Amino acid sequence: MKPTNRILITFFLLFTPMFSSAGDYFQIKVVDQETGRGVPLIEVKTVNEVPYFTDSNGIVAFNEPGLMDQDVFFHVSGHGYSYPKDGFGYSGLRLHPTAGGEAVIKVKRENIAERLYRITGQGIYSDSIKTGAPVPLEQPALNSKVVGQDSTLAAIYNDKIYWFWGDTSRAAYPLGNFRTTGATSRLPSNGGLSPEVGVNLNYFESASGFTQEMFPEFKENLIWIDGLLTINDHSGKERLICHYSRLESISKLLEHGLAVFDDDREAFIKIKEFKLDETWQAPRYHPIRVKEDGADYFYFPGWFTMTRVKANYGSLLDASQYEAYTCLEPGASYDGENSRIITKDSKPQYAWRKAEPTAGWHEKEWADAGLLKIDDAHFLPVDINSGAPVGIHGSSVKWNPYRKKWVLIGVQQFGTSVLGEVWYSEADHPTGPWRKAVKIVTHNNYTFYNPVHHAFFDEQDGRFIYFEGTYTKTFSGNDVATPRYDYNQIMYRLDLDRADLNQAKR
């Protein structure tokens, strides 16, 4: 080694720390002024446009060379939260960052629902780790090399929560797992974390330490699943079943059918393939179990539609047994020529039929064309404030014992953002009619699609409910992704005792 190089390395080791310690950072904690709880996904940005985003504890670890030990102004903003503006219209405040120091910023929650934490991805508690703050997760920095995950499904099976996601990003390369990812976690009643705190995910891993593909028999194409449910098979054994779709692209379906989870292989195995033109005659979205006229059914609430099948193994595998809640004649579809709507006194007549399901967006088109009165719609609630119809996209429906109603958590299509506004509605029956809706979450120019309410996390007889969704810039028109948060799952909590939700009552 040349003497000059030795001198440089010695200088580097003497005067440059090998890693930063907690005492090197200025901790900025952003909290909800009402609850005092740290708020994730709040941006604090310097005057020279350097952005920082709070982690799931609401913490930013600040140590910016050149901006320590002096006054620094931070702009403060975040989806659904606000900070007061000064005389010049700036929402922010001046802090004096020092190594080992800390400051607390109180923000006002404008959302009705409360943002709690990020569930998936890298660095969920990155800033807390840097500042030495306590964290609840077993793997708060990186879990099974996952940095991003799309669209969640979950079900109780073998006394655990089984979780599954769509496309999964990894740290090592932009292309990750496109054939479904899975994990388990313990129930809160059986050693798992409280849903108020977080979810400790135990991923099914490959030999590389990254997530394994949940459909090993498929060696190519995209594999997405929905319709996750548990049912006893012909022998009486409980099985975990899902509907799978094999796609060449987001718009080209190659195959779909049913798969069962193999406990030994920890993977799904195909058990039934449906015809390509039988797209709605299958378990879809987030199933619910419903007693109707003395029979036990699975209902499948989807992109605001409703289908069903009797809750037995044989019916589940038989496409001819599925029915849709629709106002179309049997055998009809929404293709223009065959849109034969059954009406009486100019009102559409809804019933369970062997026909394509009626969706909220169909009703929206009919209402816009003057063919349907909003009061006659089943899947087109109106905003309680403006009276405007709310076109629901992805959603989940669950029975809520606290409200004694079926409750909907759904994302609006083409609201103030393309897919970023989440609404609450309730009805006496899963098929509706869903009359009124209250906006509970907003995302500014950002997407939050496929929200799902996890009823197994409900607290106080359903007064507090928990739901998550995919936070991503996709479809938003926003080219700037939020570091770490983009393309990941975020958990929210909603208190159904709030007065502003009473307006959603029929």
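Author: Accessible areas come from the Shrake-Rupley method with a 1.4 Å probe. With that in hand we can look at this structure, which is a predicted model, and begin with its surface: the protein chain exposes about 22800 Å².

Reader: What percentage of the 506 residues count as buried, and what does the word require?

Author: A residue is called buried when its relative accessible area is under 20%, and 55% of the 506 residues of the protein chain count as buried.

Reader: How do you know what share of the contacts joins residues at least 24 apart?

Author: A contact means heavy atoms within 4.5 Å. Among the contacts between residues at least 6 apart in sequence, 58% join residues at least 24 apart.

Reader: How far apart are the mean positions of the positive and negative charges?

Author: The mean positions of the 53 positive and 63 negative charges are 1 Å apart.

Reader: Which residues of helix α4 are buried, and what do you conclude from the arc into which they fall?

Author: Helix α4 covers residues 360–368, and Gly360, His362, Glu363 and Trp366 are buried in it. Seen down the axis of α4, these buried residues fall within an arc of 155 degrees, so they line one face of the helix. After α4 comes Gly370, whose phi is positive, near 75 degrees.

Reader: Why does Asp69 count as exposed?

Author: The cut-off for exposed is over 50%, and Asp69 stands at 55% relative accessibility, so it counts as exposed. Asp69 sits in the loop between β4 (59–62) and β5 (72–78). Although Asp69 is not a glycine, its phi is positive, at about 60 degrees.

Reader: Where is Asn450, and what is its phi?

Author: Asn450 is in strand β32, residues 447–453, and its phi is near 50 degrees, a positive value in a residue other than glycine. At 23% relative accessibility, Asn450 counts as partly exposed.

Reader: Why is Gly166 called buried?

Author: Its relative accessibility is 12%, and since buried means under 20%, Gly166 counts as buried. Gly166 lies in the loop between β12 (160–165) and β13 (168–170). Beyond residues up to four places away in sequence, Gly166 touches Asp150, Ser151, Asn177, Thr180 and Thr181.

Reader: What makes Arg109 count as buried, and which residues does Arg109 touch?

Author: Arg109 stands at 14% relative accessibility, which is under the 20% cut-off, so Arg109 counts as buried. Its place is in strand β8, residues 102–109. Not counting residues up to four places away in sequence, Arg109 touches Asp32, Glu34, Thr35, Gly80, Tyr81, Glu114 and Arg498. Arg109 and Val31 are 78 residues apart in sequence, while their C-alpha atoms are 9.7 Å apart in space.

Reader: Why is Gly23 called partly exposed?

Author: Gly23 has a relative accessible area of 41%, and so it is partly exposed. Gly23 is found in the loop between α1 (3–15) and β1 (26–32), and it touches Ala99 and Gly100, with residues up to four places away in sequence not counted. From C-alpha to C-alpha, Gly23 and Leu328 are 67 Å apart in space.

Reader: What is the omega of the peptide bond from Gly432 to Pro433?

Author: That omega is near 5 degrees, and the bond is cis. Pro433 has its place in the loop between β30 (421–427) and β31 (436–441).

Notes. Residues numbered from 1 in each chain as written. Predicted model: local features only at pLDDT ≥ 70, side-chain atom pairs only at ≥ 80, totals over all residues. Heavy atoms only, no water. Buried < 20%, exposed > 50% of the residue type's maximum accessible area, 1.4 Å probe, protein only. Lys, Arg positive; Asp, Glu negative; His and termini not counted. Charge placed at Lys NZ, Arg CZ, Asp CG, Glu CD. Helix = DSSP H or I, 4+ residues; strand = E, 2+ residues; numbered from the N terminus. Arc of directions from axis to C-beta.
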